[in-house]
Amino acid sequence: MDADLLRTLGIDPAALEPAPPWAPYRGTSTARLDGGHRCARCGQPARATRVVDAPGLGRRWLDTCRDDFLAVARLRPSRMPSTVEGIVADLRAAAVEVGAPLTVVVDEP
Ligand SMILES: [Zn+2]
């Protein structure tokens, strides 16, 4: 999915800096936005950053300006379920994972 995102944006994953193997906490990401990093797409000063998984290269920093941050957000599909059935399925899967019984009652208006 991240490979498609990078290809659509015309970003060469090999040009992105390697990211740490752990999930960066907010402070790590904020520290990257010190003015020393440029948008991977247009070269403007970076205003946002995220970690992407580049096939064959591993985790990489994707630094973006505001406009390209918004472009990435528009291209990345939401991982949240958008239907009641999808939400209930997620709840059931979470309940099974933790071994908790789950009863779902959906009231129709
Ligand atoms: Zn940009």
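This is a short walk through one predicted protein model, from its overall layout to a few individual residues.

Residues are numbered from 1 along each chain as its sequence is written, and side-chain values use heavy atoms, with hydrogens and water left out.

Let me start with the layout. The chain contains four helices and two strands, where helices are DSSP runs of H or I with at least four residues, strands are runs of E with at least two, and both are numbered from the N terminus. Followed along the sequence, these elements give the pattern α-α-β-β-α-α. Of the 109 residues in the chain, 28% are buried; here buried means under 20% relative accessible area, exposed means over 50%, and partly exposed lies in between, with a 1.4 Å probe and protein chains only. Among contacts in the chain with a separation of 6 or more, 52% are between residues 24 or more positions apart, a contact being heavy atoms within 4.5 Å.

Now to a pair of helices. Two packed helices are described by the angle between their axes and the distance between the axes. Helix H1, residues 2-9, packs with helix H3, residues 66-75, at an angle of about 130°, and their axes are 11 Å apart; the axes are lines fitted to C-alpha atoms, for helices over the stretch in contact, and angles run from 0 to 180 degrees between N-to-C directions. H1 and H3 are therefore oblique to each other, given that angles under 35 degrees count as roughly parallel, over 145 as roughly antiparallel, 65 to 115 as roughly perpendicular and the rest as oblique. On the H1 side the contact is made by Leu 5, Thr 8 and Leu 9, and on the H3 side by Ala 71, Val 72 and Leu 75.

Which residues form the largest nonpolar core? It has nine residues, namely Leu 5, Leu 6, Leu 9, Ile 11, Leu 16, Val 52, Leu 62, Ala 71 and Val 72, a nonpolar core being a set of buried Ala, Val, Leu, Ile, Met, Phe, Trp, Tyr and Cys residues joined through side-chain atoms within 4.5 Å. H1 and H3 are the elements that give two or more residues to this core, and H1 gives the most, with three. Setting aside residues up to four places away in sequence, Ile 11 touches Leu 6, Leu 16, Ala 40, Arg 41 and Leu 62.

Asp 68 lies in helix H3 and, at 9% relative accessibility, counts as buried; not counting residues up to four places away in sequence, Asp 68 touches Cys 39, Arg 41 and Cys 42. Arg 32 is in helix H2 and counts as buried at 9% relative accessibility, and, with the same exclusion in sequence, its contacts are Glu 17, His 37, Thr 49, Trp 61 and Asp 63.

Finally, where is Leu 57? Leu 57 sits in the loop between strand E1 (48-54) and strand E2 (58-64), and its 36% relative accessibility makes it partly exposed. Leu 57 and Ala 14 are 43 residues apart in sequence, yet 7.2 Å apart in space, C-alpha to C-alpha.

Definitions and conventions
Predicted model: local features only at pLDDT ≥ 70, side-chain atom pairs only at ≥ 80, totals over all residues.
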